[in-house]
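Colleague: I would like to go through this structure with you, one residue at a time. Could we begin once it is on the screen?

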Amino acid sequence: MDFMNFYRLLLFIDFMKNIDEKPSIFIFDQGKIFKYAFTLYAHSGPINDLQMLSEGTVLSGGDRDRRIVAWDADEDFEKITETKLPDQAGGIRSIYPQRPGSNDGNIYVGTVKNMVLEGSLQRRFNQVIFGHSKQLWGLAVNQLDGTVATAGYDKHIIKWRDNQLDWRIQAQSECVSVAVHPQGTVIAAGTIDGHLIVLNANTGLHVATVRVCGSPLSCISYNPGGEILSVGSQNGSLYLYKSTKDGFVYNRFSRMGGAHPLSGIDWSVSGKYIQTVTSDYDVAYWNLRDFTRVKNALDVRNETWVTQTCPLGYMIHGDWGGNKDSPVQVSVDRGPHGDVLVAGDTDGYIRLYRYPVLSSQASYHKYKCYTSYVSSVRFSYTDNYVYSIGDTDAALMRWRLT
C-alpha cells in the first residue's frame, strides 16, 4: 500500500509531558483539505513514534509506558493488540519494519536506552544492539587482542569484541574511567564516589573493590609492566597502588597531592616519572623516586613517554590551533608506531595529524562525529582502528585507518 495514497494522515503533537495529560494521536480525513476526524488516547506518556505498515496497521510507540500498540487503519483505528518492553530496555524511541513492504509484522525497535530490539507483537523481542544510555567517559583498549572496554554514567562496564558485546556488568555507581591491565587479565574502572572496581577481563566477574577516596576517579593508568596502577582524582591527588598477581591484588603505597582535578595520565619509558594534565589544562610531572611534583619541567625534557594521552605537551602543542576561537582538545592518543596523533575536541570533531604536531598550521584530516565533547580517543595496537566515545552522545565509534 502506497503511504502517499493512503486515505488517512496521522499527526501527533509531542508537547504533553505532564503525566496527568493524555498524549494523543490525532486523525485527519483526507479530501481536498485535511479535516479533523477524531482523537485516540493511546499512551500514558509521550508518544515518540508512529509507523504505518504496508497492510494498513499503524504502530504507536510510547516513551514512559514502554508500550507498542497496533491500530487498524481500515476499521477507524480500532485497537488490534499491544505489547510492552521490559524495564531494562527503556521506552520506545523509534519503530521500523524489518522488511518494508512485507506483511510479516517483524519490526526493529530503538529505545531511549540506546538499544535496538527485533521482534513482533506476536512474539518476544530480542536485543540486537546494546549501547550506553548516559554520559560516556571511560575508554580503554586491550593492546594484546584489540578488545575494548567502556564505562559510563549508566553504571555499565562493558567489554566489546569485534563490534559485538562480549560481556557487561552494572556497577553500584556511575563510572568515569577505565583501564585494561597490560597482561589483559583484568579491567579496572573508576567511579564518581571514589571506588576502584576490578573485574576479570575474560568473564566480567568481580575481583575486588578498592576505596580510593571520596571524589571521582577521573583517570587511571597501569605502568607498562602492570606492577603499578596510578589513579587520578577530582580532588587533585594521584594515588599509586602496587598491583600483584596479574592485577588481582592491590595495595596503596603512595599519594601525591595536587590542587586541581586530574584528567589524564602518562608514564615515562624509564618508569621514573608520570605526567598528568588537570581539568583546567595544566601539565604536571611527578617524580616517582621521592613522590614529589617536579618543579622544573626541564628536568624531564629528555624523557620519552610510553603513551601520549595528555592533550598538552611540547610534541603536540600544534593541535591547539593557535587562536582563542580554536576548540579545546579533550583527548588525544599517539599511534602505535609513533607517527600519527588522533585528537578529539569540545565541538565533536576528531582530527588525525602526523606526529609530532609542532605547528598550529599542521595539516590534518577532520571528521564531525559527535554533537558535543569527544570524551576519549584511543588507538588499537593490534590493527588499524581508532576508537572514540562521545560524552552526551554515549556513542562508541570505530574508525579504520587507511
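Modeller: Please note that this is a predicted model. Let us begin with Asn 200, which is buried because its relative accessible area is 19%, and buried means under 20%.

Colleague: Where does Asn 200 lie?

Modeller: Asn 200 is part of strand β18, which covers residues 195-200.

Colleague: And which residues is Asn 200 in contact with?

Modeller: Setting aside neighbours within four places in sequence, Asn 200 is in contact with Trp 167, Thr 185, Leu 205, Val 207 and Phe 248.

Colleague: Let me step back to the whole protein. How many helices and strands are there?

Modeller: The protein has 0 helices and 34 strands. Of its 402 residues, 50% count as buried.

Colleague: Thr 309 was one of the residues closest to the centre. Is Thr 309 buried or exposed?

Modeller: Thr 309 counts as buried, because its relative accessibility is 14%. This residue lies in the loop between β27 (292-293) and β28 (329-334).

Colleague: What polar contact does its side chain make with another side chain?

Modeller: The side chain of Thr 309 makes a polar contact with that of Asp 266, at 2.7 Å. A polar atom of the Thr 309 side chain also lies 3.1 Å from the backbone oxygen of Ile 265. Beyond four places in sequence, the residues that Thr 309 touches are Ile 265, Asp 266, Val 332, Asp 333 and Arg 378.

Colleague: How many cavities of 30 Å³ or more does the structure hold?

Modeller: There is 1 such cavity. The largest cavity has a volume of about 50 Å³, and its lining includes Ala 140, Asn 142, Lys 159 and Ala 201. The lining residues of this cavity divide into 6 nonpolar, 3 polar and 1 charged.

Colleague: Changing topic, where is Lys 79, and how accessible is it?

Modeller: Lys 79 is in strand β7, residues 78-84. This lysine counts as partly exposed because its relative accessibility is 42%. Its side chain makes a polar contact with the side chain of Glu 82, at 2.3 Å.

Colleague: What about Tyr 153? Which residues does that one touch?

Modeller: Tyr 153 is in the loop between β13 (148-152) and β14 (156-161). Not counting residues up to four places away in sequence, Tyr 153 touches several others, including Lys 134, Trp 137, Cys 175 and Ile 192. Tyr 153 and Thr 392 are 239 residues apart in sequence, and their C-alpha atoms are 9.9 Å apart in space.

Colleague: Finally, the backbone. What is the phi of Lys 155?

Modeller: The phi of Lys 155 is near 75 degrees, a positive value in a residue other than glycine. Lys 155 is also in the loop between β13 and β14. Tyr 281 has a positive phi as well, near 65 degrees, and lies in the loop between β25 and β26 (283-287).

Colleague: Which residues does a cis peptide bond join?

Modeller: A cis peptide bond joins Tyr 355 and Pro 356, with omega about 0 degrees. Pro 356 is placed in the loop between β30 (349-354) and β31 (364-368).

Technical notes:
Residues are numbered from 1 along each chain as its sequence is written. This is a predicted model: local features need pLDDT of at least 70, side-chain atom pairs count only at pLDDT 80 or more; totals for chains, interfaces and linings use all residues. Side-chain values use heavy atoms; hydrogens and water are left out. Helices (H or I, at least four residues) and strands (E, at least two) are DSSP runs, numbered from the N terminus. Buried means under 20% relative accessible area, exposed over 50%, partly exposed in between (1.4 Å probe, protein chains only). A polar contact is a pair of N or O atoms within 3.5 Å; within protein, one must be able to donate a hydrogen and the other to accept it, and residues adjacent in sequence count only if both atoms are side-chain atoms. Contact means heavy atoms within 4.5 Å. On a 1 Å grid over the protein atoms alone, a cavity is a set of points where a 1.4 Å probe fits but cannot get out, and a pocket is an open set with protein on both sides within 12 Å along at least five of seven lines; lining residues have an atom within 4 Å of a point. Grid points are joined across faces, edges and corners, and a volume is the space filled by probe spheres set on the points. Ala, Val, Leu, Ile, Met, Phe, Trp, Tyr, Cys and Pro count as nonpolar, Asp, Glu, Lys and Arg as charged, and the others, Gly among them, as polar.
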